Amino acid sequence: MNEVRKFIGPALNKFPAMCSDASILRFLRARNWHTKRSAKMLKEALIWRLENKPNMIRWDDIAQQAEPGKVYKANYFDKYGRTVLVMKPGIPNPYSVEMQMRYLVYCMESSILDLKSGQEQLVWLIDFEGWNMSSISVKVTRETARILQDCYPERLGLAILYNPPKVFESFWILVKPFLEKRTYKKVKFVYPNDVDTQKVMEDLFDMDKLESCFGGKCTQGFDYVTYSNRMREGDKMMTDFVISGDQYLTPTLDNGFELSEDGISSTDETTSNLESSDETEDSQMNYNHVDPKQIKQSD
């Protein structure tokens, strides 16, 4: 972890939470414990956050996309305290790829903020009701994989593909090259008529709270008005964290950052320092491979 911090350089103090032990460990795991690759990945994620300000997206910016209930945060957790993000790819999405990614990022930020103490990963529940080959967008799939893997490494704990049709197998073959091995190994296929796979749901969830579309007993579906109220309350919490600077999503309001009506933004100097440090890091220190045993003991 200290080697990664050395690679990051002067910008380290401006991102105390993103450069915390827990955060660096996620990047190290995502890059198989290679310090140089992990540091490069972390730098790129920091630059992405500075440029896109994901923690400043609010419900009213993306509310219209949420109305069909295609992607939403469940009102229950799994038995490990992980936030559950529900996706229904069979519901049409008329919005541009850029807008869809902005909504996805909002959902990720909100879901991470909701995680129970000691937990850092999410569960995705993907309902294939109504899905067919016309639902496929390779561009959306590729961009989703890029953002999740590069900007939110090791945030996915498990992705459950619930009752995908047989034809989905062809699409899965197409999708797998976009996914890192660590990611697609977290994917589980569950079928309602398969006792063995259905047990996955029973082991993970309180079946009284789990929605009936996933084999649970709760018949209450997605309600847009109720969900809107929940998300606005979440926005207030996010704003409090942004103002306090006491959260992993928010850089400290220090030299190199400005607070304006648009939220937190970086000065050119800060972004330049992050980008230019790639050019000098080889001369600053030799490449080192971290001992996984030592890192895991720290974890």
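Visitor: Which residue forms a salt bridge with Lys-217?

Guide: This is a predicted model, where local features need pLDDT of at least 70, side-chain atom pairs count only at pLDDT 80 or more, and totals for chains, interfaces and linings use all residues. Residues are numbered from 1 along each chain as its sequence is written, and side-chain values use heavy atoms, leaving out hydrogens and water. A salt bridge here is a side-chain nitrogen of Lys or Arg within 4 Å of a carboxyl oxygen of Asp or Glu. With its closest N and O atoms 3.8 Å apart, the partner of Lys-217 is Asp-208.

Visitor: Is Glu-154 buried or exposed?

Guide: Glu-154 forms a salt bridge with Arg-182, with the closest N and O atoms 3.1 Å apart. Buried means under 20% relative accessible area, exposed over 50%, and partly exposed in between (1.4 Å probe, protein chains only). Glu-154 has 11% relative accessibility, so it counts as buried.

Visitor: How far apart are the end C-alpha atoms of helix H3?

Guide: Helices (H or I, at least four residues) are DSSP runs, numbered from the N terminus. The expected span is 1.5 Å times one less than the number of residues. For the 18 residues of H3 (residues 35–52) that should give 26 Å, and the model agrees: the ends are 25 Å apart.

Visitor: How many residues are in the largest nonpolar core?

Guide: Such a core is a set of buried Ala, Val, Leu, Ile, Met, Phe, Trp, Tyr and Cys residues joined through side-chain atoms within 4.5 Å. Trp-124, Leu-125, Met-201 and Phe-205 have the most contacts inside the largest one, and its residue count is 57.

Methods: Helices (H or I, at least four residues) and strands (E, at least two) are DSSP runs, numbered from the N terminus.
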